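Look at the model below and keep the sequence beside it. The paragraphs that follow go from the rings to the core, and then to single helices.

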Amino acid sequence: MTTAGASAYRRTLAIAGIFTLMSGDTWRYMLTWWGWGAIVLILTVLGIIELVRSRIDLRRLPILLLATLALMALSIAWSNYRFESVIGVVAMAVTTTFAVFLATCFTWDQIVDALVFTTRFILGVSLLFELYVEVFVGYPMLPFFVNYHSLPIIPAAFYWSQALLFDGGRIQGIQGNANLLAITALIALIVGFARSIAGRGNRLGLIFWSIVGVAVLLLTRSSTVLIATVAVGVVTLVAWFARRGSGRRRTITLVAFVPFLAAVVATAVAFREPLLDLLGKSDDLSHRLDIWASVANLAIEHPVAGWGWVSYWAPWVEPFRHLAVFNGVTYLQAHNAWLDIFLQLGIIGLVVMGLYVLTTIMRSWSYALDGPRANALLPLAIVTALLVQSLAESRLLIEIGWALLVIVSIRTATNRWARGDSGGAPITAPVATRSL
């Protein structure tokens, strides 16, 4: 990366943190949970040191972000698994802290550069990793330091790589998860094009890595991310069209887009069976319908404030121990971020989190229309990808999903760009203005 203004040390720290947020399983598969925990601890401490050095006033962060975190912490009081809730709250605090470091100590351009470098690194190494497994290993590869051989049958989900590169996928890459690799490819495409639109980066590099990104999307065969890719394209195109017009044109565009979106959703629901066949998905959406039903039935037992925050489920405690077990695999999420919020924080959580996401969407739309040309559509594109993914995965609530949401909410909450700033300045003490 060549963006000026941030030290080489800070850029390296940012890349290391983004890689860990995107590829936590890579560290866990190689170094065990203890090794991953040590890396996270080091990165968190270094991030806090940089926040202190930059004199970031955390009291000026978006109110609804603080309210969401406060509700998660308060839920420890009524949690049915208090120790696990403490762990979950600490995990959210750690992720949020590093996201705040990225959002406030770097310019938009530097954030984009770090994402470009990290995502392309993950894609490139993932393809080499899958090639290595195919050519030199020759059979599905398990994570290091884990012994599954006592099991009569090892579920496919337990493998680091299933050696499917030459069979056309689904490849899992170094992240060990096809859906994670797919969303990484989508983010790589988004930030790559954003940097190109801003007039930075190499055109041949953009073409090469775009081909790699599309190839990974095809090889991961993730229907969720495929739909997210289409959604990102449509939403950014609509925002680009509205940005080029007056207030009247913008209003007409938005008013027309809402019923169009409703019609698309209604059509998808009406023709879900042929669409599922087209996407190569089973009628139960890979057990998702069963998981959603189980989670919904459990959530309505504590509908107001939920069972208590836990982030990813702890499979050793009730009610998660036997909540979703299929073919020997214990699932650790509701595969829908909003169902997970309802389960863990109830209706109160849905309202608070919903308002946080809604205000972030509104500011991202406003930024797309009136922000500086460089990176103008980036926040809206990222939020769109995250929201579509949140309907089939709960990763909006952990690691890179949560971190990206926090970054967008903070960067679009500042009014610097509205006052004629390029939108590229880091947000140092204090954060520009108080915002929801």
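Rings of Phe, Tyr and Trp (for Trp, the six-membered ring) are said to pair if their centres lie within 6.5 Å; planes under 30 degrees apart count as stacked, over 60 as edge-to-face, and the rest as tilted. By this rule, the whole structure holds 15 aromatic pairs. One of them joins Phe-208 and Trp-209, which is edge-to-face because the planes stand at 80°, with the ring centres 5.2 Å apart.

The model is a predicted one: local features need pLDDT of at least 70, side-chain atom pairs count only at pLDDT 80 or more, and totals for chains, interfaces and linings use all residues. Residues are numbered from 1 along each chain as its sequence is written, and side-chain values use heavy atoms, with hydrogens and water left out.

Phe-208 is partly exposed at 47%, and Trp-209 is partly exposed at 24%. Trp-313 and Phe-320 form a stacked pair, with 5.5 Å from centre to centre and 20° between the planes. Here Trp-313 is buried at 3%, and Phe-320 is buried at 0%. Elsewhere, ring pairs link Tyr-29, Phe-129, Phe-144, Phe-145 and Trp-160 into a cluster.

Rings can also face a charge. A charge sits over a ring if NZ of Lys or CZ of Arg is within 6 Å of the ring centre and within 35 degrees of the ring normal. Arg-28 meets this rule at the ring of Trp-33, 4.8 Å from the centre. Arg-28 also lies over the face of Trp-36, at 4.8 Å from the ring centre.

Now consider the chain as a whole. Helices (H or I, at least four residues) and strands (E, at least two) are DSSP runs, numbered from the N terminus. The chain has 14 helices and two strands, and 53% of its 436 residues are buried. Contact means heavy atoms within 4.5 Å. Among contacts with a separation of 6 or more, 74% are between residues 24 or more positions apart.

A nonpolar core is a set of buried Ala, Val, Leu, Ile, Met, Phe, Trp, Tyr and Cys residues joined through side-chain atoms within 4.5 Å. The largest such core has 89 residues, of which Met-353 and Trp-402 touch the most other members. Helix 6 (residues 178-197) gives the largest share of this core, eleven residues. Which residues does Met-353 contact, leaving aside neighbours within four places in sequence? They are Thr-68, Trp-338, Ile-341, Leu-396, Leu-397, Trp-402 and Leu-405. A second, separate core of 24 residues includes Val-295, Phe-320, Ala-334 and Leu-343.

Ile-291 lies in helix 11 (residues 288-299) and is buried, at 0% relative accessibility. Not counting residues up to four places away in sequence, Ile-291 touches several residues, including Trp-313, Phe-326, Tyr-331 and Ala-334. Ile-291 and Asn-336 are 45 residues apart in sequence, but 9.4 Å apart in space, C-alpha to C-alpha.

Just after helix 5, Gly-138 takes a positive phi of about 85°.

Technical notes
Buried means under 20% relative accessible area, exposed over 50%, partly exposed in between (1.4 Å probe, protein chains only).
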